[in-house]
Amino acid sequence: MKIIYLNGNIRRENSRTNELANYFLSLIKDFGQIKEINIMDDDPRPKNTDFFAENYQIQDKYYQYAKEVKDADLIILSCPFYDMGLPSLVHAFLENISLDGETFISKNNTFMPNIKAKKLIYITTRGDNIADNSLKDGATYYLRALGQLWGYQEVINLSYSGTDVNDLKTIMKRKNQAYQKAQEIVNNFLKE
Ligand SMILES: Cc1cc2nc3c(=O)[nH]c(=O)nc-3n(C[C@H](O)[C@H](O)[C@H](O)COP(=O)(O)O)c2cc1C
């Protein structure tokens, strides 16, 4: 099984999301080959007016990343929750690898999904008490929409919330629940 891991944990080793993601990755290390793309190292730029210039060239590395995402059996995306959604750095990266002919194909005025993975695992932590898939969770909402373009059908949430507003005891309780959920996700995969 090919697994692509998109690491958008901006605070890197200081990140709580990074810690949760590393735990999850440790549980699935024997499932197959895990390829990590570090979004902070890539430091993607968002599309600006230059993108529409005649001589604009999409950088080869984004075709390469898009191919790796396209061929993966499972996509894992990990990043903190910012401003009710994905950090713009992560959004810019997804924008850069969302490429016609790779992650989707445009044909006869329609867009056909073109990736192999059926599931995306979205790992995050949120400062406020915001539940997965609630109206305030703009990130999962967007990732589900992106699945309609690329072709994965399910976003599996692995998260805990309230990291910045709760007392330490509550935070630890939520964190432990998330670690248990990580194990449940793995058990469910093993059953499939
Ligand atoms: C720029 C920025 C924007 C944030 N916006 C939100 C937000 O809209 N809602 C929220 O619940 N938490 C927000 N937070 C808090 C983070 O989601 C929270 O601290 C999270 O646990 C950070 O994860 P990390 O430890 O992996 O960096 C924000 C934090 C930063 C730095």
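**Exercise 1.** Which residues of helix α4 (residues 88-97) are buried?

*Solution.* This is a predicted model, in which local features need pLDDT of at least 70 and side-chain atom pairs count only at pLDDT 80 or more, while totals for chains, interfaces and linings use all residues. Residues are numbered from 1 along each chain as its sequence is written.

Step 1. Helices (H or I, at least four residues) and strands (E, at least two) are DSSP runs, numbered from the N terminus. A residue is buried if 20 or more other C-beta atoms lie within 10 Å of its own, exposed if 12 or fewer, and partly exposed in between, with C-beta atoms placed from the backbone.

Step 2. In α4, the buried residues are Val90, Phe93, Leu94, Asn96 and Ile97. They lie on the same side of α4, because they cover an arc of only 160 degrees around the axis; the arc is that of the directions from the helix axis to the C-beta atoms.

Step 3. The cover over the buried residues of α4 includes α2, α3 and α5 (138-150). Contact here requires that the C-beta atoms of two residues, placed from the backbone, lie within 7 Å.

**Exercise 2.** Determine the strand order of the open sheet and describe how its strands pair.

*Solution.* Step 1. Two strands pair if DSSP finds at least two bridges between them. The open sheet has five strands in the order β2-β1-β3-β6-β7, with parallel pairing. Its edge strands, β2 (33-38) and β7 (154-161), each pair on one side only. On average, neighbouring strands of this sheet are turned by 15 degrees against each other, direction ignored. Axes are lines fitted to C-alpha atoms, for helices over the stretch in contact, and angles run from 0 to 180 degrees between N-to-C directions.

Step 1. Helix α1 packs on the sheet, where it touches β1, β2, β3 (74-78), β6 and β7, and its direction makes about 145 degrees with that of β6.

Step 2. The pairs may now be taken in turn. Strand β1 (residues 2-7) is joined to β2 by six bridges, and Tyr5 has Glu36 in β2 as its bridge partner. Between β3 and β6 there are four bridges, with Ile121 in β6 as the partner of Ile76.

**Exercise 3.** Is Ile4 buried or exposed, and which residues is Ile4 in contact with, leaving aside its neighbours within four places in sequence?

*Solution.* Step 1. Ile4 lies in strand β1. Ile4 is buried, because 23 other C-beta atoms lie within 10 Å.

Step 1. With neighbours within four places in sequence left aside, Ile4 is in contact with Lys35, Ile37, Glu68, Val69, Ala72 and Ile75.

Step 2. Ile4 and Asn176 are 172 residues apart along the chain, and their C-alpha atoms are separated by 25 Å.

**Exercise 4.** Describe the hairpin formed by β4 and β5, and identify the residues that have a positive phi although they are not glycines.

*Solution.* Step 1. Strands β4 (104-107) and β5 (110-113) run antiparallel and are joined by four bridges. They form a hairpin with two residues between them. Lys107, which lies in β4, stands opposite Thr110 in β5. Lys107 is exposed, because it has 9 other C-beta atoms within 10 Å.

Step 1. Most residues other than glycine have a negative phi. In the turn of the hairpin, Asn108 has a positive phi of about 45 degrees. Asn108 counts as exposed, because it has 5 C-beta neighbours inside 10 Å.

Step 2. Asp43 has a positive phi of about 50 degrees and is placed in the loop between α2 (39-42) and α3 (60-71). Asp43 is exposed, with 10 other C-beta atoms within 10 Å.

**Exercise 5.** How many residues surround the ligand, and which are the closest?

*Solution.* Step 1. A residue is near a molecule if its C-beta atom, placed from the backbone, lies within 6 Å of it. The ligand is surrounded by 18 residues, the closest being Ser15, Thr17, Pro80, Gly127 and Asp128.

Step 1. The elements that give two or more residues to this shell are α1 (16-27) and β6 (119-126). Helix α1 gives the most, with three residues.

Step 2. By class, the shell has five nonpolar, seven polar and six charged residues. Ala, Val, Leu, Ile, Met, Phe, Trp, Tyr, Cys and Pro count as nonpolar, Asp, Glu, Lys and Arg as charged, and the others, Gly among them, as polar.
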